[in-house]
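Trainee: I would like to go through this model with you, one site at a time. Please show the sequence and structure before we start.

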Amino acid sequence: MTVKHALDQLNFDNSFIRELPADTEPQNFRRQVLGACYSKVLPTLVSQPTLVAYSREVAELLDLTDEACTGDEFADIFTGNRLAQGMDSYASCYGGHQFGNWAGQLGDGRAINLGEVLNRRGERWTLQLKGAGPTPYSRTADGLAVLRSSVREFLCSEAMFHLGVPTTRALSLVLTGDTVIRDMFYDGNPQAEPGAVVCRVAPSFTRFGSFQIFAARGEIDVLKQLADYTIRTDFPHLGEPSPAVYLKWYEEICRRTAEMILHWQRVGFVHGVMNTDNMSILGLTIDYGPYGWLENYDLNWTPNTTDAGERRYRYGNQPSIAFWNLGQLANAIFPLLDSEDITPLQTALNSYKQCFAEGWQAMMAGKLGLQAFNPATDHDLCTELLTLLQSIETDMTIFFRRLAWLSRHDLEANDAQLLSPLLEAYYLPEHITPDYQARMGSWLRAYLKRVHSEGVPDDTRRQRMDAVNPKYVLRNYLAQLAIDQAEQGDFSKVTELLELLRHPYDEQPDKEDKAAKRPDWARQRAGCSMLSCSS
Ligand code: AMP
Ligand code: MG
């Protein structure tokens, strides 16, 4: 008798393909797919699947044991070499605005969904392979992904989760054994790179662009089917779909999106490609491409070299881009409201601004360790701090972490003494001029007075601050060092970072080096401060 592999015992319930309209063309070739939410497609076979890493926590979500995740079967299934029992693979159709322009059909060009697992707790998790070969939506590209971008997606998904940021998850990272040709700098120097597949996991991978495509094509019946399916599956608390419920749904998307962006701003995450096809309908961070982490606090920074000119997706612009994207989603669902009156959608859209503004105050109060944001004093306090942080290269993560070290008894200290715990945060100590020191000194004194006024013990404030200001983030150069080694066949740094980033808010005394600011060599190195979309 053969014993069924654990992966063949997963409980699949593939509602997306069961309930939504399918493409009728069975062949896998690139095309416009009309009147359908998805196309059935098989992953491409790969030559030698080798597991690089997997996430224990995501395995647990799927009720998978460590044993199930380490065998050959696992690597085979999560590169797409074999479909486990109950898997029924497909690519979904969506469109989107890219860099502000309508791009038409995009779709899962290199993502292949395997189906939806219902776990023991009754949760629904869609599994999706990224880099598993071409689909009808691949346009001119190959459907594949390289190791470097897969390491980045795998690690960042999990790092974000542990930071408390809403995100899609990553179960596994597997080498395919095949090479992929990429011109990393778009300069006519294509190279063969190792190929890899990440298995992403989320309740749903539906995007703003999933609705936009049907609105743009005038396929309002499909639009309605997808909206109704999404509400029933992922927003069941809103009740049965109706024009009033569509509106409530949209409001909730606005709120969730605001919350997601607030988290990005809190931890210094820059997505890099906030096109509407990269905006999750669930308010999850999705599609980790040329993202990056703020090192020195700079509102104008973007990691994406493709966006270096306009800097549309720079750190400081993320909140307003989310608003713009939500506006596009409003346009897309407008036909469902059965009314010519755009006011209710407009009002809902504007609620994003309100949500964001309130959330921003709460977020800043949290970062500063204040019990509550007091607009009378704290607006000025924050404005001056953010001006100072931008005035000379200051590491955001280290600054906020070290700010917690100050004591309200330090009020008598002079400027240099006040500043000393923060010195580690500065990239160029020679930029700390007497003027700067005086200005930062008076800010620190104003801050400590404000803290003193709340009468909260230093320890309590420090704990609060350390719970929202991470010690460890996936610094761009750390990811690159792990990639450099992984490309040589040594995956230990990937595993080490995965482990480290499970506890981003904890002091990890033996990992102090991973909290260090970007070393000088990484300032201009590709992959560290600059990334292209080539992945
Ligand atoms: P992105 O902005 O990177 O999320 O991708 C935009 C669109 O291009 C999506 O429809 C992707 O599926 C598609 N795409 C990106 N890279 C590839 C690739 N290597 N092969 C096929 N499609 C791709
Ligand atoms: Mg995308």
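Trainee: Leaving aside neighbours within four places in sequence, which residues is Thr230 in contact with?

Mentor: This is a predicted model, in which local features need pLDDT of at least 70 and side-chain atom pairs count only at pLDDT 80 or more, while totals for chains, interfaces and linings use all residues. Residues are numbered from 1 along each chain as its sequence is written, chains are lettered from A and ligands numbered from 1 in the order in which they are written, and side-chain values use heavy atoms, with hydrogens and water left out. Contact means heavy atoms within 4.5 Å. On that basis Thr230 is in contact with Thr206, Phe211, Phe235, Trp249 and Ile281.

Trainee: Is Thr230 buried or exposed?

Mentor: Thr230 has its place in helix H7; helices (H or I, at least four residues) and strands (E, at least two) are DSSP runs, numbered from the N terminus. Buried means under 20% relative accessible area, exposed over 50%, and partly exposed in between, with a 1.4 Å probe and protein chains only. The relative accessible area of Thr230 is 0%, so Thr230 is buried.

Trainee: What do the buried residues of H7 pack against?

Mentor: Buried residues of H7 include Val222, Leu226, Tyr229 and Ile231. The elements they pack against are helix H1 (15-19), strand S6 (111-118), helix H6 (208-216), helix H8 (243-267) and helix H9 (318-333).

Trainee: Which backbone oxygen lies 2.9 Å from a polar atom of the Asn325 side chain?

Mentor: Asn325 lies in helix H9 and is buried, with a relative accessible area of 1%. Leaving aside neighbours within four places in sequence, its contacts include Phe208, Asn275 and Met279. The backbone oxygen in question belongs to Met274.

Trainee: Why is helix H12 described as largely enclosed by the rest of the structure?

Mentor: Helix H12 covers residues 396-403, and among its buried residues are Met396, Phe399, Arg401 and Leu403. What covers them includes H8, helix H10 (343-368), helix H11 (375-391), helix H14 (434-454) and helix H15 (458-466).

Trainee: Which residues coordinate the magnesium ion (ligand 2)?

Mentor: Donors are N, O and S atoms within 2.8 Å of the metal (3.2 Å for Na, K and Ca), and water is not among the atoms, so sites may look incomplete. The distances here are 1.9 to 2.1 Å, and both residues are buried. They are Asn278 (OD1) and Asp287 (OD).

Trainee: How far is an oxygen atom of ligand 1 from a backbone N or O atom of Gly107?

Mentor: The side chain of Asn278 has an N or O atom 3.1 Å from an oxygen atom of ligand 1. For Asp142, a side-chain N or O atom is 3.1 Å from a nitrogen atom of ligand 1. For the backbone atom of Gly107, the distance to the ligand oxygen is 2.6 Å.

Definitions and conventions:
A polar contact is a pair of N or O atoms within 3.5 Å; within protein, one must be able to donate a hydrogen and the other to accept it, and residues adjacent in sequence count only if both atoms are side-chain atoms.
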